[in-house]
Amino acid sequence: MSVRVRYAPSPTGTPHVGNIRTALFNWLFARNQGGQFIVRIEDTDVERLVSGALEAILESLRWLGLNWDEGPEVGGPCGPYIQSQRLSLYHEHARRLVAEGQAYHCYCSPQRLTAMREEQQRQKRPSGYDRRCRELTPQQRAEYETQGIKSVVRFKAPLDGQTTFSDLIRDEVTFAHSTLDDLVLLKSDGYPTYHLANVVDDHLMGITHVMRAEEWLPSTPRHVLLYDAFGWQPPQFAHLPMILGPDRSKLSKRHGATSLLEYRDQGYLPEAMMNFLALLGWSLDDKTETIDRDMLVQHFSIERVGKPAAIFHADKLLWMNGVYMRQLSPQEWLKRALPFLDRDLPPELPRPLPRDYLAMTVPLVQDRAKTLAEIAGLVDFFLVDELTYEATLLHDKGLDVETSRKALGAALDLVSSVAPFDAETLEAALRPLAEQLGLKTGTLFGILRVATTGRTAAPPLFATMAVLGRERCLKRLETALNHLA
RNA sequence: GGCGCAUUCGUCUAGCGGCCAAGGACACCUCCCUCUCAAGGAGGAGAUCACGGGUUCGAAUCCCGUAUGCGCUACCA
């Protein structure tokens, strides 16, 4: 039987990296096995719906390149893939369990349940539904119904015994039935709970492997019991390690960027993100760090997924992004950078940006950027009309103003006459100047760097000047001289 | 409180009984390259494998207990 896995997010916000890591592992497994990757939207909590969340989920998947075989937008044989459009299915199955005596209507008010729970907690007793409605007589039920009290449908969990299931990552896990209560299957608003909906849908959609975060482990025995109640074969389970914030708590907004799309906006490459996320809880061997998408698909396996939760430390992601950025061809690099340059370069610079001129800067800055968002700060001096910098930088490190002026003046002469205007010729002309002035080359070049780029750290001087061109260089050297006047 | 899962350098991890007085990567430090900054290259520091008991000729690897962390304990997923 062909593998069918699903990513089943609920549209309550924009997905964070941990959530998407789960999607990634499902996708990798499906692609590795030649199976299907299905996306199913679990919008059964009307209260928590966030508008735009669905689009953010799909956009996250698209950005990483996690294409789905069935789901929203593409449809499929088991649709609809949005749970709010499958309500009658859940009702039908809940009714069946009630008719078979495997589930029952519960009329307890939310207030009573809350009070009960609080009391249990106060007494430090195990919490859980006290099963008051489990054995209601037909008369009692009729009574509640005529009073118009809304009910929920609860599953009749076995009172004793235990359930053991096999998890692909954690091996055998056992839960005593005495620790389970009668969970709600159908809410009073007519929507199913996650428990009912995911079991019904996973079965109806032919899901073979349920790969989800570890937080679902405690409810898995209930799901297994539900499969049994329906007479269905449960899928294989694989509970993935969680991803924690640097303080070891569940990843949240407090930890800075957590949503995948934020990383996109910060200039991370999807291929780097995929590589990094894959290594959070999975490894190929004892040394491989960079693995591209195809290799990932080729080598992914559940057996190599680890058990312990992983902390999301973005510093390694930053490094990896740099690796992928440097691997890009200059053309591709520019293409990816352009939208960020449009966004981040000073608005007073005319658009469209001078693409050909920017292309010349690529060899000078490609190795220096770790994210696409940094590029604007690396190339802005190539484009800006007026450089802004502290004039003291022109005679820093104990240099007297007069020497700086002499240096700039001499450079000005050479730059105006040198030909051709390329890096080699410029260097051949300017390097000897240091000795003539009795300066160390580093010192001279430092002055010229500040004058031509406005900064103390920049790409190699002569290559930079060559790209800037004679006009700009002369103008900037003159401006620098004026700063010292 | 109950139940469950987990526990190897700061972080991501390799390790499925002897090849490990524990390997790789990020970050950090030093050096090289060098006009600055990067990139690149070479080194370094960093883990008594949570702790305590077993099992075994032999344990990071198997078992038990303890501790710690995390998760679940909703008419949320």
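Author: Let's start with pairing: two strands pair if DSSP finds at least two bridges between them. Strands themselves are DSSP runs of E with at least two residues, helices are runs of H or I with at least four, and both are numbered from the N terminus. This is a predicted model, in which local features need pLDDT of at least 70, side-chain atom pairs count only at pLDDT 80 or more, and totals for chains, interfaces and linings use all residues. Residues are numbered from 1 along each chain as its sequence is written, chains are lettered from A and ligands numbered from 1 in the order in which they are written, and side-chain values use heavy atoms, with hydrogens and water left out.

Reader: Thanks! In which sense do β5 and β6 pair?

Author: Strand β5 (residues 162–167) and strand β6 (residues 171–176) are antiparallel, with six bridges. Aspartate 167 stands opposite aspartate 171 in β6.

Reader: How many residues surround RNA strand B?

Author: A residue is near a strand or molecule if one of its heavy atoms lies within 4 Å of it. Here 65 residues surround RNA strand B, and the closest are Asp45, Lys187, Arg368, Arg449 and Ala458. Of the RNA strand B atoms within 4 Å of the protein, 73% belong to sugar or phosphate and the rest to bases.

Reader: And which element gives the most to the surface near RNA strand B?

Author: That is α11, with four residues. One polar side-chain atom of arginine 326 lies 3.3 Å from a sugar or linking oxygen of RNA strand B. Glutamate 42 also has a polar side-chain atom 3.3 Å from a sugar or linking oxygen of RNA strand B.

Reader: Now the rings, please. How many aromatic pairs does a search of the whole structure find?

Author: Rings of Phe, Tyr and Trp (its six-membered ring) pair if their centres lie within 6.5 Å; planes under 30 degrees apart count as stacked, over 60 as edge-to-face and the rest as tilted. The search finds 13 aromatic pairs. Tyrosine 194 and tryptophan 216 form a stacked one, 4.1 Å centre to centre with 25° between the planes. Tyrosine 194 lies in helix α6 and tryptophan 216 in the loop between β8 and α7, so the pair ties together parts 22 residues apart in sequence.

Reader: Is tyrosine 194 buried or exposed?

Author: Buried means under 20% relative accessible area, exposed over 50%, and partly exposed in between (1.4 Å probe, protein chains only). Tyrosine 194 counts as buried because its relative accessibility is 16%, whereas tryptophan 216, at 26%, counts as partly exposed.

Key: A polar contact is a pair of N or O atoms within 3.5 Å; within protein, one must be able to donate a hydrogen and the other to accept it, and residues adjacent in sequence count only if both atoms are side-chain atoms.
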